[in-house]
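This report goes through one protein model in short sections. Look at the sequence and the structure first, then read on.

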Amino acid sequence: PSQVIYHQRCMPRRTHAPLQRLAIAQTDFSQPDKAIAAGRKLGIDCTAMLASRRLDPKNDLVTRLVQTDIEGEKLPDEILISFLRQLMNAAGDTTYRATSVLLTALLDNPDQLEAVRADRSLIAPAIDEALRWDGPVLMQPRMAMHDTVLAEIAIPGRSFIYFAAGLAHPSPALSAGPGPLPP
């Protein structure tokens, strides 16, 4: 998945490994200072890429983003940079994890693997089921950048908040593993 994103961004091969390391590091909140530094470095890379594509458009995703306008207004760089940083994570982490969960579930359930092999229209429902059953991002750490209140709870600035997405829509069958594919 990361190679697809690098291709969409028309990135030179020499930049792939360093940017992949930064993309992974920016999500490692066991080391918050390193995660923040990695996110900033990726932001610098994205800022340079946006400027480059404005001067020298290419046939890539970044050029399309900088040329996009909504009701005559260009998308703000802050939004574009945030999107591009998250795209790096989607390629190098979440897509990898999601496909691993699906493959493991299918290998553990040969009858369902055979059903998907026999009927390719089951691929999308199988992906949906794998994401419901064991999504790639169960916990999402966030840092409050300043003092704030959320759901009547005071959160001091620089505090970590852990959003447990994996608990948002539990299924009674969750502990039993993936369910049968929808008809």
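Alanine 151 counts as exposed, because its relative accessibility is 67% and the cut-off for exposed is over 50%. Alanine 151 sits in the loop that joins β4 (148-150) to β5 (153-155). This is a predicted model, and the values given here are computed from it.

Where is glutamate 152 found? Glutamate 152 is in the loop between β4 and β5, and with a relative accessible area of 80% it is exposed. Most residues other than glycine have a negative phi. Alanine 151 has a phi near 50°, which is positive although the residue is not glycine. Glutamate 152 also has a positive phi, near 65°, and is likewise a residue other than glycine.

## Overall layout

The protein contains seven helices and six strands. Starting at the N terminus, the order of the elements is α-α-α-α-β-β-α-α-α-β-β-β-β. The protein has 183 residues, and buried residues make up 30% of them.

An α-helix has 3.6 residues a turn, so residues three or four places apart point the same way. Which residues of helix α2 (residues 16-25) are buried? They are His16, Leu19, Gln20, Leu22 and Ala23. Around the axis these residues cover an arc of only 160°, so they are on the same side of α2.

Helix α7 (residues 123-134) has 12 residues. From its first C-alpha to its last, α7 reaches 16 Å, close to the 16 Å expected at 1.5 Å a residue. The buried residues of α7 are Ala126, Glu129 and Ala130. Seen down the axis of α7, they fall within an arc of 100°, and therefore line one face of the helix. Isoleucine 123 also lies in helix α7. Its relative accessible area is 35%, so isoleucine 123 is partly exposed. Ile123, Ile127 and Leu131 make up a nonpolar patch on the surface, and together they have about 220 Å² of accessible area.

## A strand with two faces

In a regular strand the side chains alternate between the two faces of the sheet.

Strand β3 pairs with strand β6 (residues 160-163) in the antiparallel sense, over four bridges. Which residue in β6 stands opposite methionine 143? It is phenylalanine 160.

## Salt bridges

Side chains of opposite charge can pair when their charged atoms come close. How many salt bridges does a search of the whole structure find? It finds five. One of them joins the side chains of aspartate 33 and arginine 158, at 3.7 Å from N to O. Aspartate 33 is in helix α3 (residues 32-55) and arginine 158 is in the loop between β5 and β6, so this pair ties together parts that are 125 residues apart in sequence. Aspartate 33 counts as exposed at 57% relative accessibility, and arginine 158 is exposed with a relative accessible area of 53%.

Arginine 54 forms a salt bridge with aspartate 77, and their closest N and O atoms are 2.6 Å apart. This pair also links distant parts of the chain: arginine 54 is in helix α3 and aspartate 77 is in helix α5 (residues 77-108), 23 residues apart. Arginine 54, at 41% relative accessibility, counts as partly exposed. Aspartate 77 is partly exposed too, with a relative accessible area of 30%. A further salt bridge is formed by arginine 117 and glutamate 114, with the closest N and O atoms 3.7 Å apart. Arginine 117 and glutamate 114 are three residues apart in helix α6 (residues 110-118), so about one helical turn separates them. Arginine 117 counts as exposed at 51% relative accessibility, whereas glutamate 114 is partly exposed, with a relative accessible area of 44%.

Note on methods: Residues are numbered from 1 along each chain as its sequence is written. This is a predicted model: local features need pLDDT of at least 70, side-chain atom pairs count only at pLDDT 80 or more; totals for chains, interfaces and linings use all residues. Side-chain values use heavy atoms; hydrogens and water are left out. Helices (H or I, at least four residues) and strands (E, at least two) are DSSP runs, numbered from the N terminus. The expected span of a helix is 1.5 Å times one less than its number of residues. Buried means under 20% relative accessible area, exposed over 50%, partly exposed in between (1.4 Å probe, protein chains only). The arc is that of the directions from the helix axis to the C-beta atoms. Patches are made of residues with over 30% relative accessible area and no salt bridge: like charges are joined within 9 Å, nonpolar side chains (Val, Leu, Ile, Met, Phe, Trp, Tyr) within 5 Å. Accessible areas come from the Shrake-Rupley method with a 1.4 Å probe; for residues, only the protein chains shown count as cover. A salt bridge is a side-chain nitrogen of Lys or Arg within 4 Å of a carboxyl oxygen of Asp or Glu. Two strands pair if DSSP finds at least two bridges between them.
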